[in-house]
Amino acid sequence: MEIDKNGFYGDFGGAFIPEMLYHNVNELKENYLQIIESTDFQEEFKDLLKEYVGRPTPLYFAKRLSKKYNTNIFLKREDLNHTGAHKINNTIGQILLAKRMNKKRIIAETGAGQHGVATATVCALMGLDCIVYMGEIDIKRQAPNVARMKMLGAEVRPATSGSKTLKDATNEAIRDWIANPVDTYYLIGSVVGPHPYPDMVARFQSIISEEMKSQLQEKTGRNYPDKIIACVGGGSNAAGAFFHYLDNENVELIAVEADGLGVETGKTAATTQIGTEGIIHGSKTLLMQNSEGQITEPYSISAGLDYPGVGPLHAHLFKSGRGTFLGATDKEALAAAYQLTKLEGIIPALESAHALAALNKIDFKPNENVVVNLSGRGDKDMETYIREMENRD
Amino acid sequence: MKRIENTFQNKRNILNVYITAGYPNLNDTIEIVQKLKKNGVDMVEIGMPFSDPLADGPTIQNSSQIAIKNGITLELIFRQIEEIRKTVSIPIVLMGYYNQVLQYDDTTFFEKAKAVGVDGFIIPDLPLDIYQKQYKSSFENLGLDMIFLITPQTTDERIRLIDNESSGFLYVVSSFAITGSKSDIEQNQIDYFKRINNLNLKNPRLIGFGISDKKTFDKACEYAEGTIIGSAFIKALEKSKNIKETVKSFIVNIKK
Ligand SMILES: Cc1ncc(COP(=O)(O)O)c(C=O)c1O
C-alpha cells in the first residue's frame, strides 16, 4: 500500500497548497526519498535512534494484562523513548533532512506539546533555531511542556487565530513558512499535511513495525501478530506500527480514535465516525466540518488526539476497509490508564490509553498475539490523572 | 466578450478591491460593492469566508471569522451577488478555498456562480493539475476565468505553464508573504515584476499583497496592468462608522 506519484493513497492525500508553498513543498518532494534512502542518512539516523533516543524499544509481554483478556498482549514501548513518546522518531528523521537541505530555521506546530518538545530537543541537539506554534488555549492547558520547550531553547509562539488550538497552530506554522520560504524548514508532527509529509513521516515512524518484526519472530516464532492496536490523532504512531504490515492481510490493523464525551454528543475527535471527505492543511482526507466546509472543533480529554482530521493513509484504511476503526471515550481511556498502571506498573500517556481501552471492545481468541502500541508515557498527564482519581473516589 | 477581458482591453491602472462577504455586517456586501463601483473601482474580489484561510493574514482572517459569526453562507453570497448584478456590471471574482467548493459540490458551485454573474475565481489551494483535469474544459464552455497566483519563487517555466493554462489575469503575489504584510515596494520586488514582464505572457497581471495606499498603488501600476487591494481596505472598514464615506475616501485617496 503505497502512495502514487501525486501522493495519493487511493482517493486521499495530494498537495492542496497555495502557490506560495509550491516551491518549498516541491523541493521537499523532489529530494526526500533520495536523501532518506541514502546510506549516509540511514547510518546517522539509525545511530541517533540507538544512542540518543534509546532504541530499539522493548516489545514487552504484558503477563497480567494478557491474563485478564485471556490472550497474548505485547506492549510496544514507545513510552521509553527519549522525551517520552514516538514523536522523536520523526523529529530526528526530519532534522537530519533539514540539515541536508541547508535549512537554518525550524518551525513546528504542537497540540499537547509532545511534538513541540521533540522538535525543540532535536533543534538543541543540532544547534538550529526553533519556533513552535501552539494554540493559545493549549499553552494554558499544557504548561509543563511549554516550560520544557523554553528550557530547550525554543520560542513558543501562541496561535491566536481561529479556535486557538492545534489546527490553528498548524495554520500559523504554514503561514510562517509562506513568509519565510528560503531558510525555513517546516517540521510537521504527524502523517498529515501536503504530500510528501504523510509518506515521509510514516517512513520515519516505520522503525516501530520494523523492530516489531524481529522482536515477534524471536518471541513468538512468527514475524507478525494477529492484531495491532494504536491510537490515532493525526495518525503517526499508528502509521509506524502498521507500516510493515499494511499489505499483510493476516494482520488486523486496529485504529482507535478519541470519542471524547461520546460520538453522539458532538464533543468528539472521532474523525472517521463523524467526518466527511474534504481538504485540511493541504491534504484531501476525512475531516470534521459543517455543510459549508467550515472546519469544526474536535474535543478530547487528550490534547494529542484533539485534531479535526486524520492523515490520508488512515482515511484510505478506513474507506477501503483494510483498517478497523474503533473509538474510546474520555472515561474509557482513563479507566484503561488506571488499569494498566495497576496491572503492569506502567503509566501510559492519555493518547495511548485510548488504544488500551479498545481491549475491552474486541473478542480475542485465547492464543492470539496482540500488539498495543504504547505511544507515550503519562508524565505529561499526571495533573489530569490525579484530578480524575479524586473524582473517582 | 468576457467582462474581465473587456476591462483589461479598455482600462489602465486597474484597481481591484477585495472585500470579505458578510463583513462588517451580514448584508453590507451589497452596499460596499455598489459604492466601490460608484467611486471608480474597476473590479471586485469577493472573499468567501473560511474557517482556515491558509494564505491570509490576520486582517482577513479576522474579518472572515466575524462574517462566519454573522451567519454568512455560500447560498447567501450567491443571493447577494444576484442583487449586486442588478446595478453593477464590473467584473466580480470570487475568492475562497477549495474545501468550500467541494462541500457545495464543485460542478453545482461553478454553474451557480456563473448564473448569478460571477466572472472568475481565485482558489489558492486548488492545484493547477487538478484544474486542468477536472475543470478547465467546463470553464471554457461556461466562459469563466480561473485565476492563479505567481510568487517570487515561481520559476519562469512554471509561470509560462500557469499563464498558458489560466485565463482572465495572473495574480502576482508581490513578496514572500501572506495577505496584509509589508508597506513599501523594494528593488528586489521591482526586479521580479520586470522579470515577469519580460516573459511576454498571454494574460495581463494584477499585483497584490501589500498594496495599501496611493504610493504603492502607483508604483505597482508601473509594472503591471493594475493592483489588488485587500487588507488595507478591510482595515478601513474595521474602523468605519459610515460605509459610504469610508469607501469614498479610501478610493479617492488611492485614485487621486
Ligand atoms: C503519546 C502520544 N500518542 C499519540 C499522539 C497522537 O499523534 P499521532 O496520531 O500522530 O500518533 C500524540 C500526539 O501528541 C502523543 O503525544
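Helix α6 (residues 106-116) of chain B packs against helix α7 (residues 128-142) of chain B at an angle of about 20°, with the two axes 12 Å apart. That makes α6(B) roughly parallel to α7(B) (angles under 35 degrees). This is a predicted model, where local features need pLDDT of at least 70, side-chain atom pairs count only at pLDDT 80 or more, and totals for chains, interfaces and linings use all residues. Residues are numbered from 1 along each chain as its sequence is written, chains are lettered from A and ligands numbered from 1 in the order in which they are written, and side-chain values use heavy atoms, with hydrogens and water left out.

**The pair in chain B**
- α6(B) passes α7(B) in a right-handed crossing (the near helix is turned clockwise from the far one by less than a right angle).
- On the α6(B) side, the contact (heavy atoms within 4.5 Å) is made by Asp106(B), Phe110(B), Glu111(B) and Lys114(B).
- α7(B) brings Gln134(B), Tyr135(B), Phe139(B) and Leu142(B) to that contact.
- Sorted by class, the residues there are four nonpolar, one polar and three charged.

**The pair in chain A**
- Helix α4 (residues 87-100) of chain A and helix α5 (residues 114-126) of chain A cross at roughly 40°, and their axes come within 9 Å.
- α4(A) passes α5(A) in a right-handed crossing.
- Among the contact residues are Ile88(A), Ile92(A), Ile95(A) and Leu96(A) of α4(A), along with Ala118(A), Val122(A), Cys123(A) and Met126(A) of α5(A).

Terms used. Axes fitted to C-alpha atoms, helices over the stretch in contact; angles between N-to-C directions. Helix = DSSP H or I, 4+ residues; strand = E, 2+ residues; numbered from the N terminus. Parallel < 35°, antiparallel > 145°, perpendicular 65-115°, else oblique. Nonpolar A, V, L, I, M, F, W, Y, C, P; charged D, E, K, R; others polar.
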